[in-house]
Amino acid sequence: MANNSIQSSNEISSIGRLAGKTAVITGGAAGMGRAASLAFCKEGATIVILDIQKKAGEALVEELRAKGSEAHFIETDVSDEGQVEAAFDQVAKLVGSYNVLFNHAGTIIVKPLHETSVEDYDRLMAINVRSAFLVCRRAVKEMSDNGGGSIVITGSIASELGYPLESVYCMTKGAVLQLARSISAEYRDQGIRCNAVCPGFVKTDHGLREISELDSAGQEWEEGALDQAQGRICNPEEVAAAVVFLASDESSFISGNALYVDNGWYAKG
Ligand SMILES: NC(=O)c1ccc[n+]([C@@H]2O[C@H](COP(=O)([O-])OP(=O)(O)OC[C@H]3O[C@@H](n4cnc5c(N)ncnc54)[C@H](O)[C@@H]3O)[C@@H](O)[C@H]2O)c1
């Protein structure tokens, strides 16, 4: 294929921006993770998806394989240490080494802080923070041993700003942004870059549920506040495009950053 020819979306890319890369994507079966799985494959990557949604994950892998990509799914609850370790053992068997990690799996609880139970706190910390610890702990070692690579962690507009009814969620997203910065500092000499992608409201199950629950609690995001904050709702593919950039060698000197995908919301404050 000529270097500058345009490829149809049905073809895998041998000249794509992620050609030759192998990526592990947590939470890659739905939402922004799904959009990233599709975008990574379109750009020529081999991918392994770790997610709790078996049916959706397997269907996506089938769809990607039909387009000619190498894609795998491993049913994994990334908040569980044993499952994460077993999944990465399986990754090694399936694809050998990998040089991209997109740590995306996460969720939200919308509740006033004074009504938040210890069980709520533990659940959100486990899914959003312990998972990132478990996954990144394993990945930095393996990526270091294999010549480095790029890690992208999903933060949020709530990584650095505070929002009503989202105190514990904001805590978790602040924590993972700090993890991204710390990895960039600690593993630079091992050839690892690490950045956070920080979206505003995105049209996924997570984002739509969040807006609806905030609205029910009287926050009225749907009726104007969202437009005011970020102009319109973001599409998952727009976040995936930022993740492709951070995963690719195009961002070779970018590490330890928070890339806001929010149409200027964070800048406006
Ligand atoms: N949607 C938004 O508006 C928005 C904005 C900012 C940040 N985020 C972040 O994006 C992530 C959520 O992604 P989304 O919006 O694509 O939502 P989503 O709910 O559509 O997708 C989340 C994916 O993560 C998977 N997942 C959840 N818990 C898991 C676990 N324990 N183990 C493995 N997989 C698990 C789900 O099955 C799903 O595939 C979270 O990290 C969230 O903080 C979302």
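The ligand is surrounded by 31 residues, and the closest are G27, G31, G106, H206 and G207; a residue counts as near a molecule if its C-beta atom, placed from the backbone, lies within 6 Å of it. The most is given by α6, with four residues. Helices (H or I, at least four residues) and strands (E, at least two) are DSSP runs, numbered from the N terminus. By class, the shell around the ligand holds ten nonpolar, 16 polar and five charged residues. Here Ala, Val, Leu, Ile, Met, Phe, Trp, Tyr, Cys and Pro count as nonpolar, Asp, Glu, Lys and Arg as charged, and the others, Gly among them, as polar.

The model is predicted: local features need pLDDT of at least 70, side-chain atom pairs count only at pLDDT 80 or more, and totals for chains, interfaces and linings use all residues. Residues are numbered from 1 along each chain as its sequence is written.

The protein chain comprises nine helices and seven strands. Its C-alpha atoms fill a box of roughly 55 × 40 × 40 Å, taken along the principal axes. The radius of gyration of the protein chain is 18 Å, which agrees with the value near 18 Å for a compact globule of 269 residues. This radius is taken over C-alpha atoms, and the globule rule is 2.2 Å times the number of residues to the power 0.38.

Axes are lines fitted to C-alpha atoms, for helices over the stretch in contact, and angles run from 0 to 180 degrees between N-to-C directions.

| Helix pair | Axes | Angle |
|---|---|---|
| α3 (residues 81-95) and α4 | 10 Å apart | about 30° |
| α1 and α8 (residues 236-247) | within 8 Å | roughly 55° |
| α4 and α5 (residues 167-186) | within 9 Å | roughly 10° |

With its angle of roughly 10°, α4 is roughly parallel to α5. Angles under 35 degrees count as roughly parallel, over 145 as roughly antiparallel, 65 to 115 as roughly perpendicular and the rest as oblique. Residues of α4, including D120, Y121 and L124, meet residues of α5, including V168, Y169 and T172; two residues are in contact if their C-beta atoms, placed from the backbone, lie within 7 Å. The contact of α4 with α5 divides into 13 nonpolar, two polar and one charged residue.

The axes of α1 and α8 cross at roughly 55°, which makes α1 oblique to α8. Their crossing is right-handed; a crossing is left-handed if the near helix is turned anticlockwise from the far one by less than a right angle, and right-handed if clockwise. Among the contact residues are G31 and M32 of α1 and P236 and E237 of α8. This contact has eleven nonpolar residues, one polar and one charged.

The crossing of α3 and α4 is right-handed. E81, V84, E85 and F88 of α3 make the contact with L134, V135 and R138 of α4. These residues divide into four nonpolar, no polar and three charged.
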